[in-house]
Amino acid sequence: MSAPATTPVDYPEKIDAAVLKVAGVVVLGAIMSILDITVVNVALRTFQTAFGGAPLAYSSVAWTVTGYTLALATVIPLSGWAADRFGTKRLYMLAILLFTLGSLLCAAATSIGMLIGFRVLQGLGGGMLMPLGMTIMTRAAGPARMGRLMAILGVPMLLGPIFGPILGGWLIDHFSWHYIFLINAPIGLVALVYAQFALAKDNPQPSESFDFVGMLMMSPGLALFLYGVSSIPGEGGIGHAKVLVPGFVGLALMVTFVLYSFRPRHPLLDLRLFKNRNLTVSTITMFIFAASFFGGLLLVPQFLQQVQGETPLSAGWLVAPQGVGAMLTMPIAGTLVDKFPVGRIVPFGLVLIIGGMFALTQIEADSSHWGFLIPVLFVMGLGMGGTMMPIFTTALKTLTHHEVARGSTLLNITQQIASSVGVALFSVVLTNALKDNPPTSPAQAPVAAASAFAHTYWWAAILVSLTLIPAFFLPRKREVSHLLDDQELPPVVVH
């Protein structure tokens, strides 16, 4: 039986107060999650010496980032069914609560193992924030305002790179590393109160069964695969049981899941959506872009602290220009996406990022900050602002109303997997480069280390250049939005 028809939503042309109120909730939650990621990036050097004994290897402390990302990628597929079952508002508030609780436990960690474990708990909450937030905002905006609303959702992606490293460095320099997690407590409390009053009351309509078989394959498979990939830096290569066993078992589970997922009517991840050309091209573009860009992004604070001897606070200030550049172009890109085909916007951003990556291949131990590093990061920020949100927008714009959240889930998982793969890949390249070119004397140590970083950026530059291939197939004509095609259907939140 078909559901009773409802009156289609009449979306205003301009961004009004009602949609801004909803956007505020989503942005606050996303700021909390993304800010935490960038804060931790500048703390990795501190973690190496903070837990007693001999300094920990970089590959060990990198698990504070990888463990969080693992949890994010694992919980994203589960969040959809839970939202459909319990309601978007309740689940969003639960995600904020889990993230805040995980932050408090991270601050209380007394070993690197405890810290990694509590970061996983943080990720379980953080993994639900972004796909739910994108769903909430997409439906609040309507098709004609999606580009501008996605630009608003991009605010935390700008504030994170700008203020995260600065805030993290200041807290570490003036207090201790514990405060980079304690800072989430007041933000989480405000976000909970705001969500309670700003989001509409839940009216869940659990009409679809949960795909337990898919969950038993997808989530463990994804976690095992990423664990294997992320273990490569610590093992020094791929030919080790700690890498191969979980990696191949995880890959086998995911391949089995892909074959299985076309059978049930309501699979955990709806891979049938890849019949939509825009979604497929956008997903491929997003994967290559996220692996190269976010993997390379993690190297900058490490170079500044390890090679040039900067404090965490100084490193934070020096990477901030990248966020400033993105802040300038993201609102412009959001407006242009509502008027022009995304295939005519994204390539310009990619060219700026590619140019910046190739410039970083020339980095040296005594490279000038104002004469080299800051301008390069600023240009890369300009490119990021014109790339990421337009890719998300074009992928979702031509999906029907009830497909938006499922498409959002696929894109978020793609980004998280790609980020983990990129971090692991460049960590391996950097670790091996440092081993293959040991300094001949203490005075040569910074020169040798800088050479290893430059070598790693060659890999990042070549990988991000490959993004131009799928980007060439992004839409070059105006897309017809289908968001209003099935307004009469009861909304299905995520799968």
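**Burial, aromatic pairing and surface features of the predicted model**

Phe47 has a relative accessibility of 0% and therefore counts as buried (buried, under 20% relative accessible area; exposed, over 50%; partly exposed, in between; 1.4 Å probe, protein chains only). The structure is a predicted model, in which local features need pLDDT of at least 70 and side-chain atom pairs count only at pLDDT 80 or more, while totals for chains, interfaces and linings use all residues. Residues are numbered from 1 along each chain as its sequence is written, and side-chain values use heavy atoms, with hydrogens and water left out.

Aromatic pairs were assigned to rings of Phe, Tyr and Trp (its six-membered ring) with centres within 6.5 Å; planes under 30 degrees apart count as stacked, over 60 as edge-to-face and the rest as tilted. By this rule the count comes to 11 aromatic pairs. Phe47 and Trp177 form an edge-to-face pair, at 5.7 Å centre to centre and with 90° between the planes. Phe47 is located in helix H2 (residues 44-50), whereas Trp177 lies in the loop between helix H8 (155-174) and helix H9 (179-182), so the pair ties together parts that are 130 residues apart in sequence. Helices (H or I, at least four residues) and strands (E, at least two) are DSSP runs, numbered from the N terminus. Trp177 has a relative accessible area of 8% and is therefore buried. The ring centres of Trp177 and Phe181 are 6.2 Å apart with the planes at 85°, so this pair is also edge-to-face. Both Trp177 and Phe181 are buried, and Phe47, Trp177 and Phe181 form one aromatic cluster.

Phe181 is also in contact with Ser103, a residue of helix H5 (residues 88-107). Ser103 is buried, with a relative accessible area of 0%. Leaving aside neighbours within four places in sequence, the contacts of Ser103 are Gln122, Phe181 and Asn184 (contact, heavy atoms within 4.5 Å). A polar atom of the Ser103 side chain lies 2.9 Å from the backbone oxygen of Phe99.

Two glycines in helices were examined. Gly133, in helix H6 (residues 112-141), has 0% relative accessibility and counts as buried. Not counting residues up to four places away in sequence, Gly133 touches Val26 and Tyr92. The C-alpha atoms of Gly133 and Val22 are separated by 9.3 Å, at 111 residues apart along the chain. Gly355, in helix H17 (residues 346-360), counts as partly exposed because its relative accessibility is 41%. Its C-alpha atom is 7.9 Å from that of Met380, 25 residues apart along the chain.

In helix H19 (residues 388-397), 10 of the 10 residues are buried, so the helix is largely enclosed by the rest of the structure. The buried residues of H19 include Met388, Phe392 and Lys397. Helix H15 (residues 299-306) is mostly covered, with 7 of its 8 residues buried; these are Leu299, Val300, Pro301, Gln302, Phe303, Leu304 and Gln305.

On the surface, Ile238, Leu244, Phe248, Leu251, Val255 and Leu259 form a nonpolar patch with about 590 Å² of accessible area together. Patches consist of residues with over 30% relative accessible area and no salt bridge, with like charges joined within 9 Å and nonpolar side chains (Val, Leu, Ile, Met, Phe, Trp, Tyr) within 5 Å; a salt bridge is a side-chain nitrogen of Lys or Arg within 4 Å of a carboxyl oxygen of Asp or Glu. Accessible areas come from the Shrake-Rupley method with a 1.4 Å probe; for residues, only the protein chains shown count as cover. Val255, in helix H13 (residues 241-260), counts as partly exposed at 44% relative accessibility.

Key
Polar contact = N/O pair within 3.5 Å; in protein donor to acceptor, adjacent residues only side chain to side chain.
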